[in-house]
Amino acid sequence: MIQARRLVLIGFACAALFPAAVATAHHGWSGFDTSRTLTVEGKVASVDYKNPHVTIALDAAPRTWEVDLAPPSRMGARGLPDGAIKAGDTVTVVGYPHKTEPQVLRAERITVAGKTVELR
Amino acid sequence: MTAAPAWAAWVEQSSLAQAIRGGAAFYPAIETVHILGFACLLGAIVVFDLRLIGLGGGIRPAALAAIALPVAGIGLGVAMTTGALLFITEATTYLRNPMFLAKIGLIGLGLANVALFHRRFRATLDAWPDHGALPAAARLAGGLSLLSWAAALVCGRLIAYV
C-alpha cells in the first residue's frame, strides 16, 4: 500500500466553523484515480447512512472530504451498522481521490475505534 | 445551476424515501425488481420489434403480440413503480443528472411510439399474415422502439457515471 499523503486533523474549531454538507451524488467507480492511494485521518463531521452507499464528511484540514464508503447492507455485514460511525469520531480512511471533484474520496477501508474494515 | 423544484425536495424527505435510503435490504431489493421489470420489458419488446422489422417470418404477428405485449406491459409497470421508488430517494440529484433526464426523454419517446402504433394498427394487426413485409409505418415503429428502449437502458446504466 502506497501512503502517498497523510492528512492530519488540526483543530476541532475548524470543524465547528465549516460544517460539511455531504452531497448526495452517486459517483461512478471509474471516476476515481486509483493510481493515487491516499490515507486520510480526520474527524467525522457528519454521517449519511444511506443507499446506494454510505457517505461521511471527514474534516481533515485543509479540506473537508466527502468520503464514499459501502452500501448499508455491506457495512452492516462487515461490522459497521448504522451508528457505529458517529459525528465526532476520529477515523482513518484509505482510498482514491475523484479525478474531477477534489474533495471526493472513495474509501477502500476505514479504521474506526482501532478496528479496520475492508469496504470492497 | 438551477435549484431543484420544491416537490423534489419534498419527496426526497418523505418517510418512504428515508426508509428506502436507510434500510439495508430495501434498496437493493427494489433495484433487483427494477432490473427484472425492464428485463421483461426489453426482452419482450425486442422480439416483437424484430418481428415488425421483418425477422421471424412464419410467426403470425398477432400471435406474438398476444404473449409479448402483455409481458412487456407488465415489465413496464414493474419498472416504472420500482423506478419511482428509487427516484424519490435522491430526487433533487436525479433531476440534475443529464443521463437521468435523457432516460426519461427516451422512455417518453418509447411510450409515444407505443401509443401511436396501437392507435394506427390496433384494428388491422390481427389480419397481418405469417409471411411477407408489414406496413412501412409498422416497420419504422419497430425500429424506433428498438432504439428508444435500448438507449433508455444505456442512459439508465450511465446515471451513476456522470
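This is a predicted model: local features need pLDDT of at least 70, side-chain atom pairs count only at pLDDT 80 or more; totals for chains, interfaces and linings use all residues.
Residues are numbered from 1 along each chain as its sequence is written, and chains are lettered from A and ligands numbered from 1 in the order in which they are written.

Me: How many helices and strands are there in chain B?
Reply: Chain B has seven helices and zero strands, in the pattern α-α-α-α-α-α-α along the sequence. Helices (H or I, at least four residues) and strands (E, at least two) are DSSP runs, numbered from the N terminus.

Me: What is the secondary structure of chain A?
Reply: Chain A has two helices and seven strands. From the N terminus on, its elements run β-α-β-β-β-α-β-β-β.

Me: What makes H2(B) roughly perpendicular to H3(B)?
Reply: Helix H2 (residues 15–22) of chain B and helix H3 (residues 26–53) of chain B pack at an angle of about 95°, their axes being 6 Å apart. Axes are lines fitted to C-alpha atoms, for helices over the stretch in contact, and angles run from 0 to 180 degrees between N-to-C directions. Angles under 35 degrees count as roughly parallel, over 145 as roughly antiparallel, 65 to 115 as roughly perpendicular and the rest as oblique. H2(B) is therefore roughly perpendicular to H3(B).

Me: Which residues in H2(B) and H3(B) meet?
Reply: Ala19(B), Ile20(B) and Arg21(B) in H2(B) meet Phe26(B), Tyr27(B) and Ile30(B) in H3(B); a contact requires C-beta atoms, placed from the backbone, to lie within 7 Å. The residues of this contact comprise five nonpolar, no polar and one charged. Ala, Val, Leu, Ile, Met, Phe, Trp, Tyr, Cys and Pro count as nonpolar, Asp, Glu, Lys and Arg as charged, and the others, Gly among them, as polar.

Me: How do you know that the span of H4(B) agrees with the value at 1.5 Å a residue?
Reply: The expected span is 1.5 Å times one less than the number of residues. Helix H4 (residues 61–89) of chain B has 29 residues and should therefore span 42 Å, which agrees with the 41 Å between its end C-alpha atoms. H3(B), with 28 residues, reaches 40 Å from its first C-alpha to its last, close to the 40 Å expected.

Me: Where does H4(B) bend?
Reply: H4(B) bends by about 30° at Ile67(B), and Pro70(B) follows within four residues. The bend is the angle between axes fitted to the seven residues ending at a residue and the seven starting there.

Me: Why is Leu116(B) called partly exposed?
Reply: A residue is buried if 20 or more other C-beta atoms, placed from the backbone, lie within 10 Å of its own, exposed if 12 or fewer, and partly exposed in between. Leu116(B) has 13 other C-beta atoms within 10 Å, so Leu116(B) is partly exposed. Its place is in helix H6 (residues 98–121) of chain B.

Me: Which residues of H4(B) are buried?
Reply: The buried residues are Pro61(B), Ala72(B), Gly75(B), Leu76(B), Ala79(B), Thr82(B), Ile88(B) and Thr89(B). Their cover includes helix H1 (6–13), H2, H3 and helix H5 (91–94) of chain B.

Me: How many residues does each chain give to the contact?
Reply: Chain A gives 13 residues and chain B gives 11 residues. The side of chain A that touches chain B has five nonpolar, seven polar and one charged residues.

Note on methods:
Two residues are in contact if their C-beta atoms, placed from the backbone, lie within 7 Å.
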